[in-house]
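Visitor: I am new to reading protein structures. Please show me this one and take me through it step by step.

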Amino acid sequence: MSGWTLAATGLTFKIGSKALISGVTCTLPAGKVSAIIGPSGSGKSTLLRCLASTYKPSSGTVTADGQLLKKLGDTYRARLGYVPQDDVVHQELKVEHELGFAARLRLDVAMPAEEREALVDRVIRELGLERQRGQKIARLSGGQRKRVNIGIELLADPRVLLLDEPASGLDPATEEDLLGILRRLAHQGRTVGLTTHSMEYLDQVDQILVMMEGAMIYAGGQERLLRHFGIPHVADMFKTLRSAGVKHWAAAWAKAGKGA
């Protein structure tokens, strides 16, 4: 599989006169996991929805492998997996039935039933849900329900997988398992992007994007992030951000060469 590298250039999204994100430029490479972090209200979810084409930018562009999303239209949406923060599954259905129902809705009606069932089986194995396949979703743990949500998107074999706060409410061990799954999906060639408030396992992602008050103030690996903000641990970053305003940090990132 070949993923689609996503690139935002000068991206601004406004509601009325209020800009939720402003002038954001960033890249989510194919085959990598990119985590978007930042304080509450920094514009993480807004950026993710612009990348998913759910929100139409007020200005700026988003491209997938150099092609504008607005021109790709349904072609892009057909190869996009989007997992919102809240579950979108039927609590009373069993795991295998939920995925089977989603497959009938999302896949080509001409696909033979045997092929569709084999695909559901493969997704269940890939997500480590074999022991839960006959359980009702209401009885699953939060991490297992999140895997089912991801599985629904994987049925369409997406090139791009975007997730909004997938680790929300998960314990550290479950979060680590989830990131391991996302890494495997990315290494198959997909472009994986997620928003998160969690600082625990950022060493397992390929790229960290830091937002503050709607602006992009860092993009790169964790080691460089620690040097850039002058902190011993990534968990110290939010406290450091409060020590100066967004103009200071945006200027510091511009001076650093934005990843050069």
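Visitor: What kind of model are we looking at?
Guide: Residues are numbered from 1 along each chain as its sequence is written, and side-chain values use heavy atoms, with hydrogens and water left out. Local features need pLDDT of at least 70, side-chain atom pairs count only at pLDDT 80 or more, and totals for chains, interfaces and linings use all residues, since this is a predicted model.

Visitor: Which helix holds Asp177?
Guide: Helices (H or I, at least four residues) and strands (E, at least two) are DSSP runs, numbered from the N terminus. Asp177 sits within residues 172-187, and that run is helix H7.

Visitor: Which residues form the negative surface patch?
Guide: A patch takes residues with over 30% relative accessible area and no salt bridge, joining like charges within 9 Å and nonpolar side chains (Val, Leu, Ile, Met, Phe, Trp, Tyr) within 5 Å. Areas come from the Shrake-Rupley method with a 1.4 Å probe, and for residues only the protein chains shown count as cover. Lys and Arg count as positive, Asp and Glu as negative, with His and the chain ends not counted, and a charge is placed at NZ of Lys, CZ of Arg, CG of Asp or CD of Glu. The negative patch here is made of Asp171, Glu176, Asp177, Glu200 and Asp203.

Visitor: Let's step back to the whole protein. What is its radius of gyration?
Guide: The C-alpha atoms fill a box of roughly 55 × 40 × 35 Å along the principal axes. The radius of gyration is taken over C-alpha atoms, and the globule rule is 2.2 Å times the number of residues to the power 0.38. For 260 residues, a compact globule would come out near 18 Å, which agrees with the protein's 19 Å.

Visitor: What share of the residues is buried?
Guide: The protein has 10 helices and 10 strands. Of its 260 residues, the buried share is 48%.

Visitor: How many residues of H1 are buried?
Guide: Helix H1 covers residues 44-51, with Lys44 among them. Lys44 counts as buried because its relative accessibility is 6%. Buried along with Lys44 in H1 are Thr46, Leu47, Leu48, Cys50 and Leu51. H1 is therefore largely enclosed by the rest of the structure, its buried residues numbering 6 of the 8.

Visitor: How many salt bridges does a search of the whole structure find?
Guide: A salt bridge is a side-chain nitrogen of Lys or Arg within 4 Å of a carboxyl oxygen of Asp or Glu. Some are linked in a network, formed by Arg79, Asp157 and Arg190. The search of the whole structure gives a total of 10.

Visitor: Which residue forms a salt bridge with Arg145?
Guide: The closest N and O atoms of this pair are 2.9 Å apart. The pair links distant parts of the chain, 58 residues apart, with Arg145 in helix H6 (residues 142-154) and its partner in the loop between strand S6 (80-83) and helix H4 (95-106). Arg145 is partly exposed, at 22%.

Visitor: Which residue does Glu96 meet in a salt bridge?
Guide: Glu96 belongs to helix H4, and its partner, 37 residues apart, is in the loop between helix H5 (113-126) and H6. Their closest N and O atoms are 3.0 Å apart, and the partner is Arg133.

Visitor: What is the N to O distance between Asp121 and Arg133?
Guide: Asp121 is partly exposed, at 26% relative accessibility. The side chains of Asp121 and Arg133 meet in a salt bridge, with an N to O distance of 2.8 Å.

Conventions. Buried means under 20% relative accessible area, exposed over 50%, partly exposed in between (1.4 Å probe, protein chains only).
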